[in-house]
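Here are some short notes to read beside the structure. Keep the model open as you go.

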Amino acid sequence: MAQEDNLIEQIVKRYDGDTGMLIPMMQDLQSECGYLPIEHLRYLGGRLKVPISRLYAVATFYSSFRLAPKGAHEVTLCMGTVCFLKGAPSISEAVCREFRVEPGGTTRDRLFTFQAVNCVGACAVAPVMIVDGKYYDGVTPASALEVLHGLAADKAAAEKEGEI
Amino acid sequence: MTVLGLRQLNSLADLERIRAELLSRRDPSTKSVHVCTGPGCAAKGSPKLYELFCEAAKQAGSEVQVQAKAVGCHGLCECGPIVLVQPGNIFYQRVEEPDVAEIFRETVLGGRVVKRLLYENPATGEKAETADKIPFYKLQKRIALAYNGLIDPTKITDYIAQGGYRGLGKVLSSMTSEEVISEVELAGLRGRGGGGFPTARKWRSCREADGSPKYVICNGDEGDPGAFMDRAIMEGNPHSIIEGMLIGAYAIGSEQGYIYVRNEYPLSVERLKEAIEQAKELGLLGENILGSSFFFDIRINRGGGAFVCGESTALMASLEGRPGEPRAKYVHTVESGFRGRPSNLNNVETWANVPHIINGGGQWFAGIGTEKSKGTKVFSLVGNVVNTGLVEVPMGITLRRMIDEIGGGIQDGKRFKAVQTGGPSGGCIPTEHLDTRVDFDELTKLGSMMGSGGMIVMDEDTCMVKVAKYFTNFLQKESCGKCTPCREGLSQMLYILDRITDGEGQVGDIERLEDLSEILEGTALCALGKTAANPVISTIRYFRDEYDAHILDRRCPAKECRGLFRYEIDPEACKACGICLKNCPADAITGEKKVPHVIDQKKCTLCGTCWEKCPFTAVLKV
């Protein structure tokens with residue numbers, strides 16, 4: 001627990017304990033932990049004298065916050081107007097079906113977290129999918145699955161290497 | 001000396017001296033390669049190209065001076081990745097990794113043009129060596145994007161060499177705050193974020209408002225899907241925004257600024273952070289700016305991924321660390337906004353225009369555009385158009401010229417159906433209004449709006465009911481839920497639209513949608529709610545027959561809504577190859593060698609696999 005307290009103390013200090021900076025603090029916490037662990041939120045709330053209900057309101061209002069751990073990889077599919085018109089829904093359907101995941105959810109083996117977002121601002125090369133920060137343009141259901149199966153294959157290979 | 005090799009600038013004369021020095025340091029024999037790393041080109045692998053050019057420049061040794069630059073969006077994203085070679089402004093498109101060596105050897109070292117990488121005009125077959133010979137660029141006029149593609153956004157020296165921060169210098173050394181506001185007023189600048197409110201009037205109200213401190217805010221929460229204008233400016237020329245905010249802050253009397261950037265734009269945050277650091281090092285932000293008594297600082301806040309935060313009061317709530325819920329605006333934010341203090345919010349593109357207005361003069365700016373909409377506007381021209389990308393045009397150009405001449409017409413020889421402007425608050429404009437001039441007031445008259453600049457072109461295969469449903473679904477999900485008309489009204493509208501596209505529409509549904517729209521427009525709390533029905537209303541207005549076909553005939557004229565059309569195999573075109581038969585997951589296709597195949601409509605689940613797989617386009621939607 002002491003380590004967690006230390007992390008939060010650092011974050012709070014970074015923003016001079018200004019409660020107006022609650023969102024950046026929570027963003028920093030999430031980038032450290034990958035998500036917002038509830039004990040951390042409790043501690044942060046206590047430290048700032050802000051009720052946990054308000055932290056929860058902020059965490060659930062903004063779609064970028066998550067209260068559960070994410071997968072090893074981050075997969076973002078753009079659902080902006082142009083991507084939508086050029087077939088993003090069928091890509092989403094294909095990914096969800098193949099990996100049994102819901103938009104916003106993580107695969108059971110924690111391989112990746114799948115996010116469908118409003119627009120990533122690369123409309124000229126739609127449809128767009130982002131995997132761990134790398135952009136893929138002109139994606140089709142087949143090419144999306146290929147990329148994601150590649151992640152699974154890499155993981156399997158890494159595990160095998162670990163055994164040897 | 002700082003890491004930039006420059007000292008703090010203590011006056012306008014200092015700035016000019018540095019600029020002259022930077023220009024004189026430029027060796028005219030230096031060749032430079034500008035690699036576009038805007039979102040479109042980056043998605044197509046341009047960062048790797050940049051690395052390869054840097055490597056090649058290093059290996060070229062000291063005999064030739066070669067410099068590789070990663071620059072912001074050039075605009076013609078469709079043809080990316082784009083690489084420009086100086087001198088000569090040679091414009092290469094669709095550059096791939098193996099091309100790097102050839103460009104370096106032939107053009108950079110040899111001064112010869114690699115013809116096969118030039119843009120070819122599809123109509124004439126003519127090759128264009130430079131951007132100005134490409135039809136896409138001919139009608140454009142670049143102000144906000146003027147230095148995009150020319151400067152390295154990570155180097156303040158590049159911006160200063162182009163004349164950057166001169167506007168700030170002029171303001172601090174020779175203008176009163178009222179003179180600055182009058183200049184912007186003379187320019188007729190209106191807010192580029194969508195509302196089109198006169199910028200000078202906003203600044204003056206904020207300056208005259210009681211209370212301190214006063215805040216200056218830049219809205220970089222570009223939430224409209226299908227738009228990336230602000231992203232291109234933040235990532236391609238961040239200093240133009242900082243300079244604009246500095247000038248605004250001086251005019252208003254503010255000492256603290258905030259830039260609120262969308263969570264989906266991590267690179268924008270990085271570019272702005274670097275830019276702010278560099279400006280601080282040179283004394284262009286902080287205390288005693290350019291030796292004056294003016295003090296100003298900027299903080300960056302990242303959004304949390306909520307569309308509603310693009311609304312000014314919601315954005316300010318978010319800056320205060322609360323959920324981004326808008327409030328009624330009977331008290332304007334210029335009087336009581338962020339932390340209850342006078343706050344002036346403008347969007348990225350508005351701020352980026354300000355230095356140009358100060359440098360070129362309000363009169364010059366007002367000479368561009370239409371009577372009530374001055375200057376230029378940046379649009380993201382996307383969708384089913386040949387040349388997708390980022391364009392900046394003088395206000396008043398017609399939609400037709402934008403789509404046909406700049407956009408190069410509709411992809412795949414299809415027919416135009418509609419153009420959607422204004423994002424989720426805008427509407428769809430049909431063929432008969434293509435000669436409308438693009439300005440704030442004309443687009444509003446058509447039931448759409450200028451919005452922040454998304455321009456999505458749709459071809460004949462687009463179902464307009466589905467488009468209306470897309471936006472309604474988007475807004476219903478993004479509604480903050482504070483006021484009932486928006487929270488409940490959009491859910492009901494979506495319910496009805498779902499029913500219509502599922503083939504279960506009822507007579508009277510169009511009227512029900514119109515009633516709900518009227519309630520939203522009249523009673524929703526914020527501008528997003530008030531305009532949320534625009535996509536539905538504009539499609540009913542111009543494409544009522546499509547709604548009727550869905551409801552009365554159970555038919556989708558664009559053949560997009562599943563269940564409202566059938567798949568059939570054209571016996572004339574079918575080559576009996578068996579691909580559809582093998583791939584059909586429902587075993588609904590029968591046929592044998594040399595016998596045209598047939599779909600059993602009773603078994604068909606309308607999944608569309610046969611339509612996607614047929615190599616002879618023999619599967620038809622009817």
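1. Domain bounds here come from an automatic or database domain assignment. For chain B, that assignment gives domain 1 (25-134), domain 2 (156-366), domain 3 (376-459), domain 4 (464-552) and domain 5 (567-621). The centres of domain 3 and domain 4 of chain B, taken over C-alpha atoms, are 22 Å apart.

2. This is a predicted model, in which local features need pLDDT of at least 70 and side-chain atom pairs count only at pLDDT 80 or more, while totals for chains, interfaces and linings use all residues. Residues are numbered from 1 along each chain as its sequence is written, and chains are lettered from A and ligands numbered from 1 in the order in which they are written.

3. Chain A meets chain B through 31 residues of chain A and 38 residues of chain B. Contact needs C-beta atoms, placed from the backbone, within 7 Å. On the chain A side, helix H2 (22-33), helix H4 (52-61) and helix H5 (81-85) each supply at least two residues. Helices are DSSP runs (H or I, at least four residues), strands likewise (E, at least two), numbered from the N terminus.

4. Which residues of helix H16 (residues 399-406) of chain B are buried? They are Leu399(B), Met402(B), Ile403(B) and Ile406(B). Buried means that 20 or more other C-beta atoms, placed from the backbone, lie within 10 Å of the residue's own. These four cover an arc of only 115 degrees around the axis, so they sit on the same side of H16(B). The arc is that of the directions from the helix axis to the C-beta atoms.

5. After H16(B) comes Gly408(B), with a positive phi near 75 degrees.

Methods. Two residues are in contact if their C-beta atoms, placed from the backbone, lie within 7 Å. A residue is buried if 20 or more other C-beta atoms lie within 10 Å of its own, exposed if 12 or fewer, and partly exposed in between; C-beta atoms are placed from the backbone.
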